[in-house]
Amino acid sequence: MSAYAKFFFRPGVNERIETQVELAPETRSAIHGVIRGVDGLPVSDAVVMLFETGKTPDELQHITQMISDENGRFVFGPLTAGTLYMIKIFKNAVKLRELEVLARIPGDCN
């Protein structure tokens, strides 16, 4: 069993603070790992995408993505226990480009 809690406080002058913290059991999960190439070396800058499946593995809902770090590491969480997830990993198969978005001013026809 693991548990987690956090809270903020700001003490005043000459103030003594007493508190009790009760931790509820943590039921969420996480996944972390290392991406390695065929040479066994860590793969950095890979696109790692997390999907949640529906009733069948073919029904995918994109949840989030990240880029593997310099040691090939990735992590996703919190995850819901009992839910079927899928991870897709892309390296050198995704064309990345910058996208410029221009804000349009109301009434501007250009």
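## Around H62

Setting aside neighbours within four places in sequence, H62 touches M49, L50 and F51, where contact means heavy atoms within 4.5 Å. H62 sits in strand β5; strands here are DSSP runs of E with at least two residues, and helices are runs of H or I with at least four, both numbered from the N terminus. At 37% relative accessibility, H62 is partly exposed. That label covers the range between buried (under 20% relative accessible area) and exposed (over 50%), using a 1.4 Å probe and protein chains only.

The H62 side chain also makes polar contacts. One joins it to the side chain of Q65 at 2.7 Å, and the backbone oxygen of T64 is 3.3 Å from the side chain of H62. A polar contact is a pair of N or O atoms within 3.5 Å; within protein, one must be able to donate a hydrogen and the other to accept it, and residues adjacent in sequence count only if both atoms are side-chain atoms. As for Y85, 23 residues separate it from H62 in sequence, while their C-alpha atoms are 9.9 Å apart.

## What kind of model this is

This is a predicted model, in which local features need pLDDT of at least 70, side-chain atom pairs count only at pLDDT 80 or more, and totals for chains, interfaces and linings use all residues. Residues are numbered from 1 along each chain as its sequence is written, and side-chain values use heavy atoms, with hydrogens and water left out.

## The overall fold

The protein has zero helices and seven strands. Of its 110 residues, 13% count as buried. Among contacts with a separation of 6 or more, 55% are between residues 24 or more positions apart.

Which residues make up the largest nonpolar core? There are eight: I35, V43, A46, V48, L50, F74, F76 and L79. A nonpolar core is a set of buried Ala, Val, Leu, Ile, Met, Phe, Trp, Tyr and Cys residues joined through side-chain atoms within 4.5 Å. β6 gives the largest share of this core, three residues. In soluble globular proteins, nonpolar side chains tend to be buried together.

S68 is in the loop between β5 (60-67) and β6 (73-79). Is S68 buried or exposed? It is buried, because its relative accessible area is 2%. Beyond its neighbours within four places in sequence, S68 contacts I35, V43, S44, D45, A46, V48 and R73. A polar atom of the S68 side chain lies 2.9 Å from the backbone nitrogen of A46.

## Salt bridges

How many salt bridges turn up in the whole structure? Two do, a salt bridge being a side-chain nitrogen of Lys or Arg within 4 Å of a carboxyl oxygen of Asp or Glu. R73 and D69 form one, at 2.8 Å from N to O; R73 is partly exposed at 42%, and D69 is partly exposed at 21%.

R16 pairs with E18, with the closest N and O atoms 3.5 Å apart. R16 is exposed at 70%, and E18 is exposed at 63%.

## A greasy spot on the surface

F7, F9, I17, V21 and L23 form a nonpolar surface patch with about 510 Å² of accessible area together. V21 belongs to the loop between β1 (2-3) and β2 (25-26) and is partly exposed at 43%.

Patches are made of residues with over 30% relative accessible area and no salt bridge, with like charges joined within 9 Å and nonpolar side chains (Val, Leu, Ile, Met, Phe, Trp, Tyr) within 5 Å. Accessible areas come from the Shrake-Rupley method with a 1.4 Å probe; for residues, only the protein chains shown count as cover.
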